[in-house]
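User: I have a model open beside me and would like to learn how to read it. Could you walk me through it?

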Amino acid sequence: MVIIPGLSQPLKAAGKRITSWAEDSGGLTVEANSTVRGATCPGCSQKSSRLHGHYWRAIAESPCFNAPVRLSVEMRRFKCVNRCCRQRTFSERIEPLAVPRQRRTLRLMQGVRALGYALGGQAAARLGAKLGMPVSGPTVLRELRRAGCAPADEVLVVVGIDDWAIARGHRYGTIAVDLERRCPIELLEGRDAASVVPWLEKQPAIEVIARDRAGAYADAARTAAPGAQQVADRWHLMHNMCEAVERMLLRHAGKLREAASQVSEAMQLEAQPPGYKRLAAWWVIRAKREETRRARLERLIATSRARRRIY
Ligand SMILES: [Zn+2]
């Protein structure tokens with residue numbers, strides 16, 4: 001039996017035993033057999049140990065030394081022994097490890113959620129790829145959505161409000177997010193002050209409101225929560241800064257190109273082997289000498305032609 005610290009225990013809890021592991025450029029692959037003798041039918045809740053077959057399920061696990069870990073887990077199918085049950089066969093469950101039809105373990109999804117809460121979709125996907133957790137941005141967002149919202153009776157102290165498109169260009173709503181628990185708490189119809197004020201008035205404990213720089217939410221906050229501090233949210237600050245930097249770079253595009261070509265020439269010169277600089281300087285001197293000599297010769301020829309015309 002193969003034992004991998006930190007992995008054998010959760011696999012054992014799901015009725016699996018590690019049989020082999022292999023390492024390649026793509027990470028670590030761990031194979032685990034099933035030790036389950038029977039399972040409960042999800043249709044009629046009756047236990048059955050009549051084996052029908054088996055298949056292999058691929059699940060991604062948390063990374064090991066920043067390398068992705070793939071689990072290849074044997075899953076057993078059983079026949080339902082209840083004749084009245086509509087479920088003829090069913091597969092064993094491995095809830096301690098992963099939920100049904102999920103291609104990632106609970107532990108890996110926990111890591112993905114933590115990245116998503118801290119960074120958002122695309123940034124979490126980029127960092128996840130470096131940390132051995134390859135996920136796409138939409139997967140991160142889907143997982144955050146699946147994680148759900150805070151209970152409605154939570155006291156809200158720090159909230160973020162922003163608009164979102166129900167039908168882009170036609171109909172917009174407002175989303176309110178509990179920034180302490182990092183989850184959405186309310187969706188409101190409309191994105192003007194009138195649609196936000198009634199909801200804000202029901203939250204007397206709010207102390208901080210993060211919002212975009214538009215006037216509607218500022219008006220709503222001043223009306224419904226005058227004591228709350230209003231701050232610009234991080235996304236809009238970053239977005240505005242990116243736009244300002246882009247405008248500045250476009251304004252100075254000519255000078256930037258000129259500076260870049262100078263730097264590039266200097267770097268090319270630096271990259272040359274030792275002695276190249278002296279050689280290059282000598283070439284310049286030689287070219288100047290050649291030019292001077294040619295000019296002197298042309299002057300001489302011109303002078304001699306002039307004399308020939310005179311005599
Ligand atoms: Zn059944």
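This is a predicted model: local features need pLDDT of at least 70, side-chain atom pairs count only at pLDDT 80 or more; totals for chains, interfaces and linings use all residues.

User: Which domains does the assignment give for the protein chain?

Analyst: There are three entries: domain 1 covers 1–103, domain 2 covers 104–147, and domain 3 covers 158–237.

User: How far apart do the C-alpha centres of domain 1 and domain 2 lie, and how many residues does the contact take from each?

Analyst: A general idea to begin with: the size of an interface is often expressed as the accessible area lost when the parts come together. Here we can look at distance and residue counts. The C-alpha centres of domain 1 and domain 2 are 23 Å apart, and their contact takes 13 residues from domain 1 and 10 residues from domain 2. On the domain 1 side, β5 (50–64) and β6 (67–79) are the elements that give two or more residues, with β5 providing the largest share, five residues. Sorted by class, that side of domain 1 has seven nonpolar, four polar and two charged residues.

User: Now a helix. What span should α2 have, and what do its end C-alpha atoms show?

Analyst: Helix α2 has 14 residues (106–119), so at 1.5 Å a residue it should span 20 Å; its end C-alpha atoms are 20 Å apart, which agrees.

User: Which residues of α2 are buried, and why do they line one face?

Analyst: The buried ones are L108, M109, V112, L115 and G116. Looking down the axis of α2, these buried residues fall within an arc of 120°, so they line one face of the helix. A114 and A118, on the other side of α2, are exposed. The cover over the buried residues of α2 includes β5, α3 (121–130) and α4 (137–147).

User: What is I209 in contact with, leaving aside its neighbours within four places in sequence?

Analyst: I209 is in contact with V159, I161, A221, A225, A228 and Q230.

Terms used:
Residues are numbered from 1 along each chain as its sequence is written. Domain bounds come from an automatic or database domain assignment. Two residues are in contact if their C-beta atoms, placed from the backbone, lie within 7 Å. Helices (H or I, at least four residues) and strands (E, at least two) are DSSP runs, numbered from the N terminus. Ala, Val, Leu, Ile, Met, Phe, Trp, Tyr, Cys and Pro count as nonpolar, Asp, Glu, Lys and Arg as charged, and the others, Gly among them, as polar. The expected span of a helix is 1.5 Å times one less than its number of residues. A residue is buried if 20 or more other C-beta atoms lie within 10 Å of its own, exposed if 12 or fewer, and partly exposed in between; C-beta atoms are placed from the backbone. The arc is that of the directions from the helix axis to the C-beta atoms.
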